[in-house]
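I opened this notebook to record what I looked up, one topic at a time. The entries begin with the ligand and then turn to the backbone, the surface and the salt bridges.

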Amino acid sequence: VTDSARYDREVKSVCPYCGVGCQLSLKVKDDKVVWVDGADGPANENRLCVKGRFGFDYIAHPHRLTRPLIRREGAAKGLNVDPANPLATFREATWEEAMDAAAYGLKTLGGQRVAGFGSAKCSNEEAYLFQKLIRQGFGHNNVDHCTRLCHASSVAALMENVGSGAVTATFNEIENADVAIVIGANPVENHPVAATYFKQFAKRGGTLIVMDPRGQALKRHATHMLQFKPGADVAMLNAIMHVIVEEELYDRQYVAGMTENFEAMKAHLAGFPPEEMAAHCGIEAETLRAVARDFATARAGMIFWGMGVSQHVHGTDNSRCLISLALMCGHVGRPGTGLHPLRGQNNVQGASDAGLIPMFLPDYQSVTDDGVRSAFSEIWGSGGFSDQKGLTVTEILDAVHSGNINGMYILGENPAMSDPDVEHARAALAKLDHLVVQDIFLTETANYADVILPAAAWAEKSGTVTNTNRQVQMGRPAVPPPGEAREDWWITVELAKRLGLGWDYAGPYEVFAEMKKGMKSLDNITWERLEAEDAVTYPVKGPDVPGEAVVFGDGFPRDGGRARFTPAEIVPPDEVPDAEYPMVLTTGRQLEHWHTGAMTRRASVLDAVEPEANCSLHPATLRRLGVEAGGTVRLVTRRGAVEVMARADRAVSPDMVFLPFAFVEAAANVLTNPALDPYGKIPEFKFAACRVEAVPLA
Ligand code: SF4
């Protein structure tokens, strides 16, 4: 069979799953995507993982929302109201009727009583429009998205110490490195194509240092594997830096010329000798010393981190340590050096850049800066808005409970699955007087909606997205949306019109043109250039030159141009194990499933490979419980309990349990602790005191 018989056309776009941002080619026949190949994007060079290659048929799933829906008068809200027919509590409506109802409810409440969650799965243009709608339409900054649940603490530390929230080097720069640390990340499962570059790096002789409380596949390629005690990151990293200072391995010239506050850092580190920290972090002093020497004496080193670093009450402190470690070794601003928080969602970088966060307007310009606010009011041709930082994701739901917020507009987020202590989040959603949800499926969150607006999936729309590498990439529509589903930008514009905002955009390209007026990061990037080149890395110095893979070689975007050392003290987890809850629960993703599972559990190949909710326990723990691998256990924390199938897994220590958060039938966030990092306001998803009980066979 020739290719031309197998498909009618191919469309180049970007993978909708993770922040690696692989470019792909969608093969389309009869307006259906029939298969997917990798394309030659800057981040993936034709490679794809299982999600990008096989996780596409959710687009055509019969559960897709195809008509606007309005809740039936008096119908109960929530999950499992009518499990056999979850749509029964809604009636179909015309777009006109649904948009009028959505806008009327929000407008009637108005001002501070309305808040919004946007989406890191939508385009840059859609994120920009969403934050503009909340700020212009309601006059405040109570708008946020899932960055609050992933790398908010990393961004807080990066903004504080290097003056920019994005990566200083692309992950592909590992090709030019001699040493690389991967900490609190499991890239083989969560950033699989990036992991292929990490493995190649090790294969050509690079020193790979993996640090994680959980074992992982990258361990096989590592020179050092530090399986440290959960929550002991600061103790371990300070001990490593102690050695670098004590043995005078730091880069004196770099420290003197490019940084500030090193003397205070030096004094602080004196209190963290590896011999004292070894018991604290569970890593022998000699290993800590060896790692310090390998990292500090290398010609070029990089640090990659994930949510194992960020999702703690001390997440910002963890990132401060990593930044300090790179700075003292001079491992920033040159080829093969850099700081790289591996971003989770496909467009969490872009949505954050576009201002979908409560404390920053686009390009991380503070909402408290009068000049910045008036510049955006001028671009928008509207009056002013609040100079107060807005509430974050979890704070907004707390404000619903306290009665201060009564209406929400939620686009493509699923807080009824993704928020910590999720029963608290679900109760908040149920309490809202008016909830508008815009999504592609009847998500758990949509079960609480008053109005549901059916959206186009990523393969059905145009727009740009920005990956973990700062590469702005062009997404193109391959197939039409089902039924009456519409692109998110169009829906948000229609809502804005009904709120009286007078918006008028002919398409995402006009939104992008407006974004450029307030975002210097987009200088020399145009819609036409993206159409022609598919991807451009920012910052970029000219219309005809490539963007910069490595930044800050000539100074940092801070007053004085210097990066800063910020010392970090040891802060214990919010909830330490005790007699009643003796184990540590940690949560995360699996290779086959994406976040709350809305897409991947409806992707036939991925669901077939990993169909059942599961947790990982050490074989010794299973033996102690008297449970066979494949049997059922009950996980209990102070928030609730779930029953789930147990796998035997030596990657977790005997006092730990790992639970993926994609499965509604054993929702991990029923268990998680909502305690927040004070700077990034990120919840402690990676550490909760837990009890594991055997569930007898029925
Ligand atoms: Fe998609 Fe990420 Fe896999 Fe690439 S690595 S194919 S972006 S899920």
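**Entry 1: the ligand.** I listed the residues around the ligand and found Cys15, Tyr17, Cys18, Val20, Gly21, Cys22, Leu48, Cys49, Lys51, Gly52, Pro192 and Val193. The elements that give two or more residues to this shell are α2 (50–54) and α7 (192–203). I note here that the model is a predicted one.

**Entry 2: the backbone.** I looked up a cis peptide bond and found that it joins Tyr538 and Pro539, with omega at about -5°. Pro539 belongs to the loop between β21 (535–537) and β22 (563–564).

I next checked two residues with positive phi. Glu45 is not a glycine, yet its phi is positive at about 45°. I located Glu45 in the loop between β3 (32–38) and α2. Arg470, also a residue other than glycine, has a positive phi near 70°. Arg470 sits in the loop between β19 (463–466) and β20 (471–475).

Which of the words buried, partly exposed or exposed describes Arg470? I recorded Arg470 as buried, because its relative accessible area is 2% and the cut-off for buried is under 20%. Glu45 has a relative accessible area of 39% and is therefore partly exposed.

**Entry 3: the surface.** I noted a nonpolar surface patch of about 240 Å², made by Phe54, Val605 and Val609. Val605 lies in helix α23 (residues 604–609), and its relative accessibility of 34% makes it partly exposed.

**Entry 4: the salt bridges.** I looked up the count of salt bridges, which comes to 46.

- Asp37 and Arg53 meet through their side chains at 3.7 Å, N to O. Asp37 lies in strand β3 and Arg53 in helix α2, so this pair ties together parts that are 16 residues apart in sequence.
- Arg293 and Glu247 form a salt bridge at 2.8 Å, N to O. Arg293 is in helix α12 (residues 285–297) and Glu247 in the loop between α8 (233–246) and α9 (252–258), so parts 46 residues apart in sequence are tied together.
- Arg558 pairs with Glu260, with the closest N and O atoms 3.2 Å apart. Arg558 lies in the loop between β21 and β22 and Glu260 in strand β11 (residues 259–260), so the pair ties together parts that are 298 residues apart in sequence.

Finally, I recorded a network of salt bridges that links Glu96, Asp100, Glu494, Lys497 and Arg498.

Conventions. Residues are numbered from 1 along each chain as its sequence is written. This is a predicted model: local features need pLDDT of at least 70, side-chain atom pairs count only at pLDDT 80 or more; totals for chains, interfaces and linings use all residues. Side-chain values use heavy atoms; hydrogens and water are left out. A residue is near a molecule or strand if one of its heavy atoms lies within 4 Å of it. Helices (H or I, at least four residues) and strands (E, at least two) are DSSP runs, numbered from the N terminus. Buried means under 20% relative accessible area, exposed over 50%, partly exposed in between (1.4 Å probe, protein chains only). Patches are made of residues with over 30% relative accessible area and no salt bridge: like charges are joined within 9 Å, nonpolar side chains (Val, Leu, Ile, Met, Phe, Trp, Tyr) within 5 Å. Accessible areas come from the Shrake-Rupley method with a 1.4 Å probe; for residues, only the protein chains shown count as cover. A salt bridge is a side-chain nitrogen of Lys or Arg within 4 Å of a carboxyl oxygen of Asp or Glu.
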